Amino acid sequence: MTDANHQHLESALDEQRTFAPNPAFSAKAHIKSMADYKAMVARAERDPEDYWSEHARNLLQWSRPWKQVLDWQPPSAKWFVGGELNVSVNCLDRHLESVRRDKTAILFEGEPGDRRSLTYAELHAEVCKLANVLATLGVAKGDRVAIYMPMIPEAAVAMLACARIGATHSVVFGGFSADALRDRINDAGAKLVVTADGGYRRGTIVPLKANVDAAVAQTPSIENVLVVRRTGHNVAMQSGRDHWYHDVMASASGTHKAPSIESEHPLFILYTSGTTGKPKGIVHSTAGYLLNCVLTTKLVFDMKESDVYWCTADVGWVTGHSYVVYGPLALGATVVMYEGAPNHPEPDRFWEIIARYRVSIFYTAPTAIRAFVKWGDQWPQKHDLSSLRLLGTVGEPINPEAWMWYHRVIGGERCPIVDTWWQTETGGIMCAPLPGATTTKPGSCTLPLPGVALEVVDKHGHPVPFGKGGLLIVRRPWPSMLRTIWGDHERMKQTYFSDIPGDVYFTGDGARRDADGYFWVMGRVDDVLNVAGHRLGTMEIESALVSHPSVAEAAVVGRPDELKGTGIVAFVSLKKGADVSDTLKDDLKKHVTKEIGAIARPDDVRFTDALPKTRSGKIMRRLLRELASSGEIKGDTTTLEDFAALEKLRDED
Ligand code: WTA
């Protein structure tokens, strides 16, 4: 944690507007009033294990009941010990016995405009086939499978097929580079990759298969590559290793008996950024994870049988796991999936999709909302958005003005907005309004869900008074919490359970509660940037820069950015003999894109002879942050080793 951020924790919004739930909405909602919410909270506080068990019994289909609800040996939690179920059966097979059999599970629209839909029965058959294919290719329970795909139905099929046979999937966002993919495959020791020839993004083809080829050249564990034909452009296929998905699926059986899988079996690994160079493979469980996905999808989105639900997240992020695939499918919902960019071919693509499919629940990120605001009201106004009944946001704090715009222009002042706070590590939503019960305030994720022991504390773990900033923690284990960091349990302990005493989970976020107890998340207090709703470790970007032959040292900081929330500024000192030039700046930006992906590309690169450091050698990021955002340094510089270095940087502006 850096000292710098404590200052930041004191700054707070003073937002006074409130929006009470509409009585007509509340009357039909799963949770109808504040009194109902409070009763649930009280019940969960009285006996948390009993609270979670009741939901686990009601919401999931088990093949073997559990013997123990929770086994908590901090920081290791096991939930529903002794119990068994199959995630894919919960998302598919159990719906086949009801009218949901022929209900649409996925409504897909590709960026070029192609459309496809799959019923639950059809999705089930695809998943069974792929489960059989994976088994034939030697993938067994406990093996890891990497998934590197565009947002097409096969991405969900691949996840569910892995879940079905107990293979642990590791979805790698299709925007990541070949090098990033290689590192994640190697860390997980994946045996097989599911990919596509390419995907569409802003009218061009993302060369997924070419990236896989480059990655797999350096991944000894990969035995097979399955390739979905999406774009049809020419790609290299290595015989013996690469298989066309449509070929192997054509001869596969559509029936598959799902095995019963232990509650604590690792369902997936998802890599996320931390403060040190290496991304962390966050491991999630089977039963506890699924439980919280289903429960939160039902309560927070108030999901009903007739809803058409669209979460715009990519399956490469945790939101795509929990709220495109597992939560909504386990509830038997109809899910919209769109492959491409929101402004292709025009900035009204999302609104056109909402109107076409009569979307009733829409869940997106503040960074997207800021872009919509910028593009102008004329785009949503061209379309009939009257089908919408609920809106959601996730990924970063939403600015109250963006919230108001969302409420007014998209929600027609009629839709509740659920601002959902959670993380890759929490598996599911932790803090959000319940739309029929909670009065909302623009910019606040309001109140914790029942059973979630969220608190704002000081660094000793003592609660801070309402109105004061502090550190956001979770006091008690919850079913969908991360179980470990893949291959490094000690790092999980160090990262989340060592900064604050009392065996509490530290989120890495700063927050404050207002006079009503509402939570206002103020952002990260560690060296993690939230760029366009995605977490990037400054260390990772710095390591990428330092791997360039001209770079001696680099420090990366964030600065406010109108669209992305945070822009990336890199301060770079060069090796002897390297020439400062605009070409080198461009080269470095390209280099980071190659090493990590376009989301990590610095917006600005500044050269410096030396970086400002403390006497103990720590880079003073606080000063760099001030410099990057305001061009000025107001804070304390007494611990600075070499003031001249800083003076020089300032002169550059
Ligand atoms: C931030 C995304 C404020 C926060 C699900 C968190 C938010 C990080 C919100 C997790 C929100 C997410 N309000 N901040 N509603 N939602 N964050 O792992 O800093 O990609 O720690 O998970 O995003 O990002 P991650």
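# A tour of the chain, stop by stop

Start by selecting threonine 446, which is buried because its relative accessibility is 0%. Buried means under 20% relative accessible area, exposed means over 50%, and partly exposed lies in between (1.4 Å probe, protein chains only). Threonine 446 sits in the loop between β20 and β21 (454-457). Its phi is near 65°, a positive value in a residue other than glycine.

Before moving on, note what you are looking at. This is a predicted model, where local features need pLDDT of at least 70 and side-chain atom pairs count only at pLDDT 80 or more, while totals for chains, interfaces and linings use all residues. Residues are numbered from 1 along each chain as its sequence is written, and side-chain values use heavy atoms, with hydrogens and water left out.

## The whole chain

Zoom out and show the cartoon. The chain has 21 helices and 30 strands. With a radius of gyration of 24 Å, close to the 26 Å that the globule rule gives for 653 residues, the chain is as compact as a globular protein of that length. That radius is taken over C-alpha atoms, and the rule is 2.2 Å times the number of residues to the power 0.38. Helices (H or I, at least four residues) and strands (E, at least two) are DSSP runs, numbered from the N terminus.

Now picture a box around the C-alpha atoms. Along the principal axes, it is roughly 75 × 65 × 55 Å. Of the 653 residues, 62% count as buried. Contact means heavy atoms within 4.5 Å. Among contacts between residues at least 6 apart in sequence, 71% join residues at least 24 apart.

Colour the charged side chains next. There are 74 positive and 80 negative ones, and the centres of the two sets lie 3 Å apart. Lys and Arg count as positive, Asp and Glu as negative; His and the chain ends are not counted. Each charge is placed at NZ of Lys, CZ of Arg, CG of Asp or CD of Glu.

## Helix α8

Select residues 178-188. This is α8, and eight of its 11 residues are buried. Which residues of α8 are buried? They are Ala178, Asp179, Ala180, Leu181, Arg182, Arg184, Ile185 and Ala188. An α-helix has 3.6 residues a turn, so residues three or four places apart point the same way.

Step just past α8 to glycine 189, where phi is positive, about 65°.

Go to proline 75, in the loop between β1 (68-73) and β2 (76-81).

Phenylalanine 497 lies in the loop between α17 (489-496) and β24 (505-513). Is phenylalanine 497 buried or exposed? It counts as buried, at 9% relative accessibility.

Proline 345 lies in the loop between β17 (334-338) and α13 (349-357).

## Buried loop residues

Select aspartate 302, in the loop between α11 (287-300) and β16 (308-311). It is buried, with a relative accessible area of 1%. A polar atom of its side chain lies 2.8 Å from the backbone nitrogen of histidine 30. Leaving aside neighbours within four places in sequence, the contacts of aspartate 302 include Phe25, Ala29, Thr297 and Arg389.

Next comes glycine 332, in the loop between α12 (318-330) and β17. Glycine 332 is buried at 0% relative accessibility. Not counting residues up to four places away in sequence, it touches His95, Arg100, Lys103, Tyr120 and Glu305.

## Last stop: an exposed residue

Finish at glutamate 413, in the loop between α16 (400-410) and β20 (417-419). Phi is positive here too, near 60°, in a residue other than glycine. Buried or exposed: which is glutamate 413? At 55% relative accessibility, glutamate 413 counts as exposed.

Key
Polar contact = N/O pair within 3.5 Å; in protein donor to acceptor, adjacent residues only side chain to side chain.
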